[in-house]
Amino acid sequence: MPTIILGGGIIGASIAYYLSLQPQPSSQSSSEREEIHIIESSHTLFSSASGYAAGFLAKDWFEPSLLPLGEYSFGLHESLAKEHGGDKKWGFMKGTALSLGSTDAGVGGARGDDWLRSGTSRAETATSSPAIVEEGPTWLTRQAGTALERISDRGTVAQVDPLRLSHFLLDKALSQGVKLHQPSTATSLITSASGTITAVKILNINTKEESTLQCTNLIIASGSWTPRVFSTLFPDSSAKMPIYPLAGYSLVIRSPRYTYTSEHEKEAEGSHAVFTTHPPTAGFAPEMFSREGSEIYIAGLNSTRIPVPERVEDLQKYWDEEEMDRLKDVTIRLMGKLPAGQKESTDGVLNENDLTILREGLCLRPVSERGVPFVGRVEESDLGGIKSCKGGGIFVAAGHGPWGISLALGTGAVMADLVRGVKPSVDVSGLGLGGKARRAKL
């Protein structure tokens, strides 16, 4: 029963990982055992959101239809890290989420709204009651007229390096026999006389050679490219997958005021995630995350004006240096060194830049218009006359927005269950292509 996964990002890698954990009957010959294929079009693995995301994990910052998957996935992150030494291999550590806001707003004030609703930050999705804290992380420059609020309960948020986690999942899957086709793309379906899918045509982008892979289960996990992939393979389908790309600029920096690594004694609260609408003149809501390896990640400058390119490598032609400069200026304002004798940063004063830039990034996050991802089987009525073969199906796992890393493991495990015909460990009925999730509003 060959399974083909279209998309080799962290969602596709997670699905392959959990599928590959299924023990194969010893009575089967190697040719009879389940085949799992990942089709990835990029020359460089994890070169979009999977590699350039913050890596922030939350247990309960989700709306009701997504909450079961969020809690389940958070638990899988914990258990995976414990089993495989994730604290050292991909920087897993528990942490604290903080909101930096104006003291004029009072407790529970200017925290910023959910970025999917108003284009600012996701701090408002926190479920903990805000509590004022006197001191923040040492790497955060004190800002005049602001206060920090703790917006997470202990043990309910964490941090990873998404690039290292993605590589771990894929490497483990490949070691279990999963096959990676890269850089390649699926060009069309092969069907029987009755319209039943039997195989998928694959094009090697480098050699231009075509090949055919037998297919029982087809999983589309192509991120922002998912609607395009679906319409290419199912051109007569009237089903819609309203997923749009939200482009985001990011920086990974090093500060002399942050020297945490997994080799050091763990701090009481581990990593810090700081969400803010400060400074208000920035025009966006910065999000900052301290990570293992003395790294700090900052993002929050988003754009809906950048389209989905043909391939991820083409995204760089939309790079706007002025936008990156805006992010750098805010980074210095929020994390730079205060001039001698100055106790806090004030409007109109730029701090000294003693920060080291490790990486500049631009990536696309696949955001569902309804606010929750698509995770589940595509009904045959939505396939435009094409049928899935007996014992197989067409599935989609995309549209995770800012939560792709946090939800990746839960999504992978649930999709593996659905492909095997096993009832998933958590209820994802509200995340299908149809049903109640379709009617959810932002």
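Start by selecting E360 and K328 in this predicted model: they form a salt bridge, with the closest N and O atoms 2.9 Å apart. E360 sits in strand β17 (residues 356-368) and K328 in helix α8, so the pair ties together parts that are 32 residues apart in sequence. E360 counts as partly exposed, at 30% relative accessibility.

Next, pick K94 and E78, whose side chains meet in another salt bridge (2.7 Å, N to O). Here K94 belongs to strand β4 (residues 93-102) and E78 to helix α3 (residues 67-84), 16 residues apart. K94 is partly exposed at 29% relative accessible area, and E78 is partly exposed at 31%.

Now move to E310 and R228, a salt bridge at 4.0 Å, N to O. E310 is in the loop between β16 (295-303) and α8 (321-335), while R228 is in helix α7 (residues 226-233). E310 is exposed at 59% relative accessibility, whereas R228 is partly exposed at 32%.

For a network of salt bridges, select D161, R164 and E292. The whole structure holds twelve salt bridges.

Then show helix α1 (residues 10-20) and helix α6 (residues 162-175): their axes come within 8 Å and cross at roughly 35°. The residues in contact include I10, A13 and Y17 of α1 and L165, L169 and K172 of α6. Nine residues of this contact are nonpolar, three polar and one charged. The crossing is left-handed.

Last stop: A416, in helix α9 (residues 404-420). Is A416 buried or exposed? A416 is buried, with a relative accessible area of 0%. Leaving aside neighbours within four places in sequence, A416 is in contact with Y18 and L19.

Methods. Residues numbered from 1 in each chain as written. Predicted model: local features only at pLDDT ≥ 70, side-chain atom pairs only at ≥ 80, totals over all residues. Heavy atoms only, no water. Axes fitted to C-alpha atoms, helices over the stretch in contact; angles between N-to-C directions. Helix = DSSP H or I, 4+ residues; strand = E, 2+ residues; numbered from the N terminus. Left-handed = near helix turned anticlockwise from the far one by under 90°. Contact = heavy atoms within 4.5 Å. Nonpolar A, V, L, I, M, F, W, Y, C, P; charged D, E, K, R; others polar. Buried < 20%, exposed > 50% of the residue type's maximum accessible area, 1.4 Å probe, protein only.
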